[in-house]
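Work through the exercises below with the sequence and the coordinates open. Each task is followed by a stepwise solution.

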Amino acid sequence: MSAPRPLTITGGQLVLPGRPPAPGSLRCEGGVITAIGGAIAGPDDLVIEARGALIAPGLVDLGVFAIDKPAFHFGGITRAALMPDQGVVLDKPSSVRFAAQSGKPDLWVHPLAAATRDLAGTEIAELALMRDAGARAVATGRRWIGDSGTMHRLLSYAAMLGLVVITHAEDGGMTGSAVATAGEMATRLGLPSAPSAAEALAIARDLALAELTGARIHFRQVTTAAGLDLVRAAKARGIRVTAGVTPAHFMLSDTAISDFRTFTRLSPPLRSEADRQAVLAALADGTIDVVASGHDPRGPEDKRLPFADAEPGMAGAETLLALTLGLVRDGVIDLPRAFDLLAANPARLLGVQAGRLEHGLEADLALIDPAKPWVVDSDRMAAAAGNTPFDKQGVEGRVIALFKGGAAVG
């Protein structure tokens, strides 16, 4: 693929780390950002007038379950970290290498190596070989590793290799076949449920092991007040821990499952309103580091079933940006913090030179109209399947142009 022409974007509002958006221009050449602020176009540049739109880094989506380019491009995502739970589990160098190539030429795909062989939670996989094949981190997949000895060995090995361990935070012995959080709503609906304490128990064990080994650990979704308190305290003690969440858990509580709509069947399940408020507080105070889509498009064969039989998951890539910008409009966070959550922090966890508008970094860029209204419609989504709990909801914020390495995509 030939190198794109040098690109200069003028007349926009630059989204820079730690600063309010400011008028300016940006230039990139050879796939990287070469000037920010008062950038001047060269004679051969492609010049784009942003007309007041935000000039922002492309989103880095940490932990997707499918490569769904149309949905990613719609949502402003230029990099996707692929979970190991695939038809062919990402537990060998060959499968990791193949996954890393799957986004070319218009999407960066960063495979997450399976922590254990076949994600069975017992035998550690070939982490060093998978790192060399392109894996950017290690993940336990949809499940928690229940054996503490296995988890201790995993964290020790990952620390030696310099890899972050991304883990699912639910004690499987407590959750079993539960599809809802124990409480009034699950009782009224007669659904198999588990106490929200299953999350805190898993986090407490894994934090103790991370402290013992010195490993970096990322909890992909922390959705309860008790779990967030543990992460907050661990950060204060200097443990190398980060936490993520998806928009579903800051937008919705378990009242959303009241009509048995399987688009709200998620993992972890939706929590109480008190837990939802705790997530909002954790987004505001910095306890949560990443907002990710959890993109997991599921067709009718997985969702058009009784609630307890349906598969968990939602198509989240297209709504990730707009729902996070809603936090800005509501005064929960400011705009630079939003792009830390969506781009800079996940890029840092993956060790990629992206996620910020900074000289010398990859020119993965999005032009965004933050006030453009639109309605989420599950029947018209670009995703492979439209299983969104936000169907027919009005939102604001649309990507109007997207660039990977300075080349237009989408």
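## Exercises on cores, sheet and salt bridges

**Exercise 1.** Identify the residues with the most contacts inside the largest nonpolar core of this predicted model.

Solution. The largest nonpolar core has 76 residues. Those with the most contacts inside it are Leu154, Phe219, Leu283 and Ile368. Take Leu283: leaving aside residues up to four places away in sequence, its contacts include Val245, Phe250, Ile288 and Leu341. A separate second core has 19 residues, among them Ala180, Leu189, Phe307 and Leu323.

**Exercise 2.** Give the strand order of the open sheet of 8 strands and find its edge strands.

Solution. The order is S6-S7-S8-S9-S10-S13-S14-S15, with parallel pairing. Strands S6 (59-64) and S15 (290-291) each pair on one side only, which makes them the edge strands. Within the sheet, 3 bridges join S13 (217-219) to S14 (241-245); His218 stands opposite Thr242 in S14. Helix H13 (335-350) packs on the sheet, and its direction makes about 65 degrees with that of S6.

**Exercise 3.** Classify the salt bridge partners Arg271 and Glu170 as buried or exposed, and state which parts they tie together.

Solution. The side chains meet at 3.7 Å, N to O. Arg271 lies in the loop between helices H9 and H10 and Glu170 in the loop between strand S10 and helix H5, so the pair ties together parts 101 residues apart in sequence. The cut-off for buried is under 20% relative accessible area. Arg271 has 4%, so Arg271 is buried. Glu170 has 10%, so Glu170 is buried.

Terms used
Residues are numbered from 1 along each chain as its sequence is written. This is a predicted model: local features need pLDDT of at least 70, side-chain atom pairs count only at pLDDT 80 or more; totals for chains, interfaces and linings use all residues. Side-chain values use heavy atoms; hydrogens and water are left out. Two strands pair if DSSP finds at least two bridges between them. Helices (H or I, at least four residues) and strands (E, at least two) are DSSP runs, numbered from the N terminus. Contact means heavy atoms within 4.5 Å. Axes are lines fitted to C-alpha atoms, for helices over the stretch in contact, and angles run from 0 to 180 degrees between N-to-C directions. A nonpolar core is a set of buried Ala, Val, Leu, Ile, Met, Phe, Trp, Tyr and Cys residues joined through side-chain atoms within 4.5 Å. Buried means under 20% relative accessible area, exposed over 50%, partly exposed in between (1.4 Å probe, protein chains only). A salt bridge is a side-chain nitrogen of Lys or Arg within 4 Å of a carboxyl oxygen of Asp or Glu.
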